[in-house]
Amino acid sequence: MAATHEYRVCPDTGFKIDLQADKLIKWNAVTAIVFLLIGGFFGLMVALTRWPTVHLLPADWFYLALTAHGVDILLVWIIFFEMALLYFASSVLLQSRLPMPKVGWFAYWLMLVGALLGNVVILQGESSVMFTSYVPMKADPLFYVALLLFAVGALIVCFLFFATLVVAKSEKTYEGSLPLVTFGAMVAAIIAVYTIASGAVILIPTLLWSLGLISHIDSLMYKVIWWGMGHSSQQINVSAHVAVWYAGAAVVFGAKPISEKVCRMAFLLYILFLQLASAHHLLVEPGLSAEYKIFNTSYAFYLAVFGSMVHGLTVPGSIELAQRRRGYTKGLFEWLRKAPWGNPAFVGIFLSIIIFGFVGGISGVVLGTEQLNLIMHNTIYVPGHFHGTVAGGTTLAFMALCYWLVPVLFRREIWAPKLAQWFPWLFGLGITGIALFQMGAGTLGVSRRHWDMTFADAPLSYDYPAAAHLLMAANGVSAVIASIAGAIFCLQMVLTLLIGKKREGAVPVASDAAEGLTGHGHGAGLAVPGTFVLALVFLTSFVLYYFVNWKYLSEIWLLS
Amino acid sequence: MSELESGKSGGADEPVPFMQQILDNPFILLFLGVAAPSVLYTVWGVMEVISIPVAQ
């Protein structure tokens, strides 16, 4: 049993790593990056088409590209990377053997076949139903088969993760509570189980309907259950990238959270309430009661928002504590000024926190308020919001982690390290631009998915304000910037694996990184004045933006 | 390392607090994480859709 497992000792962290887990992390992470490249390419095509002056693709190709972009980025890239994270957070951080590695490989191939099949079917042009695939739009049956294969593979990895926790506990590879990073990954796995179950509940009948075995699927029923998968899949990301934030703070600074207790309670709020935000997609559905909508968004969802605000406070707070312990104590922000701004892992994670909080987080609360939602429901504000969360928050955090993880796992130096210093700024700038310009255009009413905002061939035309055209052009420019940054990232990762210099020495990590990743306890005291000032700036922005939208609503919704 | 820094507040014999017992049990958390949204979001939503009167 345990004796048949082979291990290596990581010279950077001292972790004993099961070689099968090591391989599965590498394969899942590399596959994720390949799909990021494919999905990012389709995203650029979409943005260039929605740029009115360029208007690159014809309508059929636009919807095909939009479907591929949604599936490859929102599902394939992110979930493959999260599978790598689950193996890392369980087998590596708990220094445990990976039980049933063959099952892990089976799950990997299932996911890969699903992802490839999905892409092939979408490219054949008969499944341009977009990521949401709302009925009665019908895709090729293989489209649903592909999604189901991918989801089953991911579910198997989630159960392997829980099995590893059991093995680690019974073989006493760790003591006491799970390390916080592993706990965060476990929360992601829990949300994944609900997400995938919801997907199975709705995609299996939809597959049967596409085969002609079921005559009808109620569109509202489809939406309710589908969003249990569609939105919750993005909540897996939130938990996973928060775990990555804590990991990044530990690796770069050896930081421990301000209070582990508070952090775990914030994660508990995620477990209980985060998935309920799915209801914000249903806020204008006439068949659902106000009680259902408001409880699931404005009441319960705010508790999950509170959890995110706690993490947004404790991660920078833990970094400030670690920096102050090193002697950077002058004024409010010496700890921040003296942070390693040349380290792409740190910069990426820091920008991820800022973009997720200020852009994705605030806009999410606005979208989740039933009355305010009327201003921007199903406009391009919605993609603006989730580019702030999924691209600016999750994707940037995962990419940043790669700048640490790839040299550690593959024992190679990052190819062109100077270029890496530019990457997070460029990607952060591009994604922030995409999110803000889309949100601006959405506030002016630009629809979420329409191929041509000029409505040139429509029998009844409609003219958006000139500012909306300008904002969509700025969105296109931002997408080009983000795509260049994404290409730099993918190129660096591929070339690092292919021709990166073999590494002899250790990767520069904090001397107490391993303790930060796996230990317990908290930094001394609550002396984080700089972080509290940043939190006040955030809260002020939050309140101002929230009430500006109420003012805007009062001007366009003239009921009295 | 001081007691405060290590985050340990008592000896090994001290009983584990109830909340920590819950947070240390992945399967209770898995149950809560699946049951809460299933009841509050999915089942409640499905019941509302089912209860919509059929058009005559």
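How many residues from chain B and from chain A does the contact take? The contact, meaning heavy atoms within 4.5 Å, takes 29 residues from chain B and 40 residues from chain A.

Hello everyone, a few ground rules before we go on. This is a predicted model, where local features need pLDDT of at least 70 and side-chain atom pairs count only at pLDDT 80 or more, while totals for chains, interfaces and linings use all residues. Residues are numbered from 1 along each chain as its sequence is written, chains are lettered from A and ligands numbered from 1 in the order in which they are written, and side-chain values use heavy atoms, with hydrogens and water left out.

Back to the interface. About 2,900 Å² is buried between chain B and chain A, and carbon and sulfur atoms give 75% of that; buried area is the accessible area (1.4 Å probe) that two parts lose on being put together, summed over both. In chain B, the residues losing the most area to chain A are B:Leu23, B:Tyr41 and B:Val49, together 23% of what that side buries.

Which helix of chain B gives the largest share of the side that touches chain A? That is α3(B), with 19 residues. Helices here are DSSP runs of H or I with at least four residues, strands are E runs of at least two, and both are numbered from the N terminus. By type, this side of chain B has 19 nonpolar, seven polar and three charged residues; Ala, Val, Leu, Ile, Met, Phe, Trp, Tyr, Cys and Pro count as nonpolar, Asp, Glu, Lys and Arg as charged, and the others, Gly among them, as polar.

What about salt bridges, where a side-chain nitrogen of Lys or Arg is within 4 Å of a carboxyl oxygen of Asp or Glu? Across the interface of chain B and chain A there are zero, while the count over all chains comes to eight. One joins A:Arg8 and A:Asp22, with the closest N and O atoms 3.1 Å apart. A:Arg8 lies in strand β1 (residues 7-9) of chain A and A:Asp22 in helix α1 (residues 19-50) of chain A, so the pair ties together parts 14 residues apart in sequence.

Lastly, two backbone details in chain A. Most residues other than glycine have a negative phi, and most peptide bonds are trans. A:Val135 and A:Pro136 are joined by a cis peptide bond, with omega about 10°, and A:Pro136 lies in the loop between α3 (101-123) and α4 (141-170) of chain A. A:Met100 has a positive phi, near 50°, and sits in the loop between α2 (59-92) and α3 of chain A.
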